[in-house]
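Dear colleague,

Please find the structure below, handed over for your own calculations.

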Amino acid sequence: MKNLSIALLLVLFAFTAKSQSADDRGYLVKVGDQAPDNFELVLTNGQKTSLKQLRGKIVVLQFTASWCSVCRTEMPHLESDIWKAYQNKNVVLIGVDRDEPLEKVQKFHADMNLTYPLALDPGADIFGRFADKKAGVTRNVVIDQNGKIVYLTRLYDTKEFNQMVKVIDGLVKNPVAASE
């Protein structure tokens, strides 16, 4: 009986560990990883930036698309609770639009009444550095001042979103010391 109990506990532990891993939500990265930074973000206004250029700031990459209803639900919260609340506190929020042409992304930006920038992601190449290309959008990647991933979201869940806000607030109030 004792061996059966131990075996059941091991199975339960393995299942729980798997269910809490990043990859069950389609991520290729996990909290604690250095964020991939071998790409350039081209914003809808033509400006270019990169995670390397943004080092020293807290960065939130929001993976989105105009056809995504969950993204549209989350975006007003990102606008008010992240962008408006923290834009002057060393936080950068960039929506990364999955594989749509410039004109469509510009219209999406205007329709959503956003002031935070959107970037283009032709072929979902940027998305593919963070998540399986077959996985859905509506995800946020929070990156600390040293380029480490500190929080990942998937879909729009108010509890998870509020926890993300707390993580960002903590980074603003207690900046991460620069790596040597």
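**Surroundings of V92**

Leaving out residues up to four places away in sequence, V92 touches L54, K57, I58, V59, V60 and W83, where contact means heavy atoms within 4.5 Å. The model is predicted, so local features need pLDDT of at least 70 and side-chain atom pairs count only at pLDDT 80 or more, while totals for chains, interfaces and linings use all residues. Residues are numbered from 1 along each chain as its sequence is written, and side-chain values use heavy atoms, with hydrogens and water left out.

V92 lies in strand 4; helices (H or I, at least four residues) and strands (E, at least two) are DSSP runs, numbered from the N terminus. V92 has a relative accessible area of 15% and is therefore buried (buried is under 20% relative accessible area, exposed over 50%, partly exposed in between, with a 1.4 Å probe and protein chains only).

**Strand pairing**

Strand 4 (residues 91-98) pairs with strand 5 in the parallel sense over four bridges, and strand 1 (residues 41-43) pairs with strand 5 in the antiparallel sense over two bridges; pairing requires at least two DSSP bridges between the strands. A119 in strand 5 is the bridge partner of V96 and also stands opposite L43. In strand 5 (residues 118-121), L118 and L120 point one way, A119 and D121 point the other way, and all are buried.

**Core and aromatic residues**

Four aromatic pairs are found in the whole structure. Rings of Phe, Tyr and Trp (its six-membered ring) pair if their centres lie within 6.5 Å; planes under 30 degrees apart count as stacked, over 60 as edge-to-face and the rest as tilted. The F63 and F130 rings form a tilted pair because their planes are at 45°, with centres 5.5 Å apart. This pair links F63 in strand 3 (residues 58-64) with F130 in helix 4 (residues 127-130), 67 residues apart. F63 is buried at 1% relative accessible area, and F130 is buried at 0%.
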